[in-house]
Amino acid sequence: MTTARTTAPDAVVIGAGPNGLVAANLLADAGWRVVVLEAQPEPGGAVRSDSGLHPAYVHDLFSAFYPLAAASPVIGQLHLEREGLRWSRAPAVVAHPLSDGRCAVLASDVHDTAASLERFAPGDGAAWERLYGLWQRIGDDVLSCLFTPFPPVRAGLRLAARLRYAEGLRVARTMLLPARRLGEEEFAGDGARLLIAGNALHADLGPESALGGGFGWLMCMLGQAYGFPVPEGGARALSAALVRRLTARGGSVRCGQAVAEVVVRGGRAVAARTEDGTEVPARRAVLADVPAPLLYGRLLAPEHVPARLRSDLRRFQWDFSTVKVDWALSRPIPWRAQGAATAGTVHLAEGLDELTLFAAQIAMRRVPRTPFAVLGQMTTADPSRSPSGTESAWAYTHVPQEIVGDAGEDGLTGRWDEREKEAIAARVEAQVERYAPGFRATVRARRVLAPPDLERLNPALVGGAVNQGTTNLHQQLVFRPVPGTGRPTTPVRGLYLASATAHPGGGVHGAPGANAARTVLRSLHRLH
């Protein structure tokens, strides 16, 4: 074992994903010397991009659209535009085309969205505007509740005062509804219902899942208020801005430094030991932007993990696995419904029942016969992503974490060898072709990232779970990552959980990292 000989940092952050980098920045703002250790060759975690498919095309490896980052007060207060970050947006936010040529469009202007939905059923446009009016009244307080440590006392009191008791109960009920039920209560036509349900399935909330209506409403309202922005030049630009800001304040990021152990002495976390045996000491705190099951199961010696916590972690539920297909296209996608052509994000499923069947087959641990695909038109959102007249595109779909069978005819088993990757990619492309005849003829190059590929590129995405744990109600708030306080403290003094397995969960908003950093600073302030 060797020990780093430079002056010991005040804090060591394990993982240079967005939460780790946000935590490091906030500690650096407080005057701390911070070192971030990252296993991969570059920082960013699930916020990275490359030109590995085609040298003229930029593809985001994992996350791509960032409504939560645009809305997050945590990200906003870092003023990353001063570090060169620039946002770009597609003309329309989300589209959901149907095979008969109809298309629900979440537009950049609420009145245009309403007009699109009114074409599905009279009155649905006004209903959408009512829901957006609710967002305009309470959206800031909702975001404050989400992005602060639990319980969100101040934001919660503001929200309660704004809504009063009777309306507050009704809003709470609405937020807990499944997406299907919320859509049925609020809308008469398919368009708005599909926007709500499709956005809920950005996580692992099927149309019949409690909380799916609230999550789908939240994502739709974020899209209506902020769009689904992308960083100009690729997702890596967001990570690069966080790194530049940190290094300007004296912090450092060391890539290729996989941490093997959190060193505990006298019941306190005092260092991180890398795989090559180097011990990087931390004078004040260790913050782990690492999934809780990996932190407690791999990085801490068993004697430092209480038996109840180990038992609770055996019940931890990962979200769906993910398969992602990247394409370099010779021209824009030839959508049958023109409303899809200008949207950055396109949802592909033939109605709510197809979404329900998709989620049910995953629940039965079978690879869905017909994938629900979330498709990104990145050049439409950011013209710098590929040459003029072309499109940098991707689509992802979900599969079970544990596969026992295939609802389709390809005999997929979850081995994810080349045959299986080709088969699932063919299903995704067939779904695109269903709404864009001639799509396959535009494909210049293709890359398929199955769950093992995603985990290899980012070990935090266990089994290809991109949200670091289910979004379902039983693993939120005080139940995330296990029943407890919902706060970033751990059983080991000086060690804090700063990953998306902590409240409030997945999405690029920086809240788990910020919550951990602020908890560290408050705890040390109390000691003095």
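Biologist: Leu477: buried, exposed or partly exposed?

Modeller: Leu477 is partly exposed, because its relative accessible area is 37%. Buried would be under 20%, exposed over 50%, and partly exposed is in between (1.4 Å probe, protein chains only). Bear in mind that this is a predicted model: local features need pLDDT of at least 70, side-chain atom pairs need 80 or more, and totals for chains, interfaces and linings use all residues. Numbering runs from 1 along each chain as its sequence is written, and side-chain values use heavy atoms, leaving out hydrogens and water.

Biologist: Okay. Where does Leu477 lie, and what's its phi?

Modeller: Leu477 is in the loop between H16 and S22. Helices (H or I, at least four residues) and strands (E, at least two) are DSSP runs, numbered from the N terminus. The phi of Leu477 is positive, about 55°, although this residue is not a glycine.

Biologist: Which other non-glycine residue has a positive phi, near 55°?

Modeller: Trp416 has one. Trp416 lies in the loop between S20 and helix H15 (418-435). Trp416 is buried, because its relative accessible area is 10%. For background, most residues other than glycine have a negative phi, and most peptide bonds are trans.

Biologist: Speaking of peptide bonds, what's the one from Arg480 to Pro481 like, cis or trans?

Modeller: That bond is cis, with omega near 0°. Pro481 is in the loop between helix H16 (451-457) and strand S22 (495-497). The bond from His503 to Pro504 is cis too, with omega near 5°, and Pro504 is in the loop between S22 and helix H17 (511-527).

Biologist: Next up, Val404. Which residues does Val404 touch?

Modeller: Not counting residues up to four places away in sequence, Val404 touches Met364, Arg365 and Arg366; contact here is heavy atoms within 4.5 Å. Val404 sits in the loop between strand S19 (391-399) and strand S20 (405-406).

Biologist: And is Val404 buried, exposed or partly exposed?

Modeller: Val404 is partly exposed, because its relative accessible area is 45%.

Biologist: Let's go inside. How many residues are in the largest nonpolar core?

Modeller: The largest nonpolar core holds 64 residues, and Trp128 and Trp217 have the most contacts inside it. A nonpolar core is a set of buried Ala, Val, Leu, Ile, Met, Phe, Trp, Tyr and Cys residues joined through side-chain atoms within 4.5 Å. Helix H5 (residues 124-146) gives the most to this core, with ten residues.

Biologist: Which residues is Trp217 in contact with?

Modeller: Leaving aside neighbours within four places in sequence, Trp217 contacts Leu131, Leu134, Trp135, Ile138, Met175 and Ile196. Apart from that core there is another, of 37 residues, including Tyr66, Ala241, Leu246 and Leu287.

Biologist: Last one, H7. Which residues in H7 are buried?

Modeller: In helix H7 (residues 179-186), Ala179, Arg180, Leu182 and Gly183 are buried. Looking down the axis of H7, these buried residues fall within an arc of 165°, so they line one face of the helix. The arc is taken from the directions from the helix axis to the C-beta atoms.

Biologist: What covers the buried residues of H7?

Modeller: The cover includes helix H6 (153-176), helix H8 (190-200), helix H9 (212-226) and H13.
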